[in-house]
Amino acid sequence: MSRNLKIGIFLTLAIVTVTFTFYFWQMFKTPNLQVGKSKSFVLYIPKGATYKSVLDTLKKYDVVQDHVSFAFMTKAKKYQEAVKPGRYVIEADATNAEVVEKLRDGKQDPVRLTFNNIRLKSDLIDRIGPKFEFGKEGLRKALASRRITDKYGLDTTKIVSIFIPNTYDIYWDVPVETFLDRMHSEYKRFWNDDRRAKAKALGLSPDEVSVLASIVEEEQGRKADERPRIAGLYLNRLSKGMPLQADPTVKFALGDFGIKRVLLHQLQVDSPYNTYRYTGLPPGPIRLPDINSLDAVLNPEQHQYLYMCAKADFSGYHAFAETLGEHALNAQQYQNALNKLQIRK
């Protein structure tokens, strides 16, 4: 073999070695997913998914740049036979190694669940259900199941009380009952010994506090500093056996939350939620009360007020009264203000 041929073979092998070495380095270290994109991509892998279905999703949304190197990496790291369900965030400019190891090891990114300002159980289902694999229908069935609600000592009406509005990190593929167990554990954490003692001193159970807090919050959604005063008023009425006569419960019974002026004929709606017709608390919350409202009921302002109506200055606050006569004057002022603005309903 001539010297020139040996040199040629050596150079060829060197070039091939360098080329493959560089390619393998690129395969491990250079960005290959969401390359050049400003946003991350959320990959959802349902239970029973195969490697092919994962690859199809990545192709559909143009997540992978070099499919050959990605496929090699999944084979080398034995991911193709170890697909794990879950929710995975793929960051911009991620490498093959970073993503494949994350998927193979099942290192999910939790859903950051925040919910508030929810009135109906259906609203709760619509807001939460789509964020998880169990979906709206799975959550709807669970909240309607007596077997499940009995486990928490609640019925299908009061079950929404276990949802304490806050922010939670929960995995996307969590089974629906495990999800409800988590919500119930947060509920029990909120209802510590101190809060339970305060509820007992008021003659209320935790779920009854939630019901009253929902009315307080509907009455005063804007000025949270007034909620303890409103809570004190309703507790005064309950202690005297008076009907609560809370307009928000009538709106709930009618299914119309846009009513600005509750009329006499609307007060006659026959519903257990109508606190003009039925004394005591309604069967369940009329909204999902936030922590501020729950604590307002547990720490009510002490006073003798039994009546209130919105202030005529439309400030968002209420005019309070101890007697029906005082209340009639306040109510007339408010009615006059509504008439002046031609608000009829």
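In the predicted model, the second largest pocket has a volume of about 160 Å³. Its lining is made up of 14 residues, among which Leu 120, Lys 121, Val 160, Phe 252 and Pro 285 lie nearest the centre. By class, this lining comprises nine nonpolar, two polar and three charged residues. The largest pocket, by comparison, has a volume of about 1,500 Å³ and is lined by 44 residues, with Glu 219, Asp 247, Lys 260, Ala 310 and Tyr 334 nearest its centre. The lining of the largest pocket divides into 23 nonpolar, nine polar and twelve charged residues. At least two lining residues are supplied by each of helix 10, helix 11 (227-239), helix 12, strand 7 (307-310) and helix 14 (324-340), and the largest share, six residues, comes from helix 14.

Helix 12, one of the elements that line the largest pocket, contains the buried residues Pro 248, Thr 249, Val 250, Lys 251 and Phe 252, and the buried residues of this helix pack against helix 10. Lys 251 lies within helix 12, which spans residues 247-254, and, when residues up to four places away in sequence are not counted, Lys 251 touches Asp 256, Phe 257, Ile 259 and Val 262. The C-alpha atoms of Lys 251 and Asp 169, which are 82 residues apart along the chain, are separated by 34 Å. Helix 12 is followed by Gly 255, for which phi is positive, near 70°.

In helix 10 (residues 206-219), Asp 207 is buried yet has no salt bridge, the nearest side chain of opposite charge being that of Lys 158, at 4.3 Å.

Ala 321 and Tyr 305 are 16 residues apart in sequence, and their C-alpha atoms are 5.3 Å apart in space. Beyond residues up to four places away in sequence, Ala 321 touches Tyr 305, Leu 306, Tyr 307, Glu 326, His 327 and Asn 330.

The structure holds 22 salt bridges, one of which joins Lys 77 to Glu 101, with the closest N and O atoms 2.8 Å apart. This pair links distant parts of the chain, 24 residues apart, with Lys 77 in the loop between helix 3 (67-76) and strand 3 (86-90) and Glu 101 in helix 4 (residues 96-104). Lys 77 is buried, at a relative accessible area of 17%, whereas Glu 101 is partly exposed, at 30%. A further salt bridge connects Asp 105 with Arg 104, the closest N and O atoms being 3.1 Å apart; Asp 105 is partly exposed, with a relative accessible area of 36%, and Arg 104 is also partly exposed, at 25%. Lys 198 forms a salt bridge with Asp 194, in which the closest N and O atoms are 3.7 Å apart. Both residues of the Lys 198 and Asp 194 pair lie in helix 9 (residues 193-201), four residues apart, or about one turn of the helix. Lys 198 is partly exposed at 28% relative accessibility, as is Asp 194, with a relative accessible area of 46%. Elsewhere, salt bridges that share partners join Arg 119, Glu 217, Glu 218 and Arg 287 into one network.

Note on methods: Residues are numbered from 1 along each chain as its sequence is written. This is a predicted model: local features need pLDDT of at least 70, side-chain atom pairs count only at pLDDT 80 or more; totals for chains, interfaces and linings use all residues. Side-chain values use heavy atoms; hydrogens and water are left out. Contact means heavy atoms within 4.5 Å. Buried means under 20% relative accessible area, exposed over 50%, partly exposed in between (1.4 Å probe, protein chains only). Lys and Arg count as positive and Asp and Glu as negative; His and the chain ends are not counted. A salt bridge is a side-chain nitrogen of Lys or Arg within 4 Å of a carboxyl oxygen of Asp or Glu. On a 1 Å grid over the protein atoms alone, a cavity is a set of points where a 1.4 Å probe fits but cannot get out, and a pocket is an open set with protein on both sides within 12 Å along at least five of seven lines; lining residues have an atom within 4 Å of a point. Grid points are joined across faces, edges and corners, and a volume is the space filled by probe spheres set on the points. Ala, Val, Leu, Ile, Met, Phe, Trp, Tyr, Cys and Pro count as nonpolar, Asp, Glu, Lys and Arg as charged, and the others, Gly among them, as polar.
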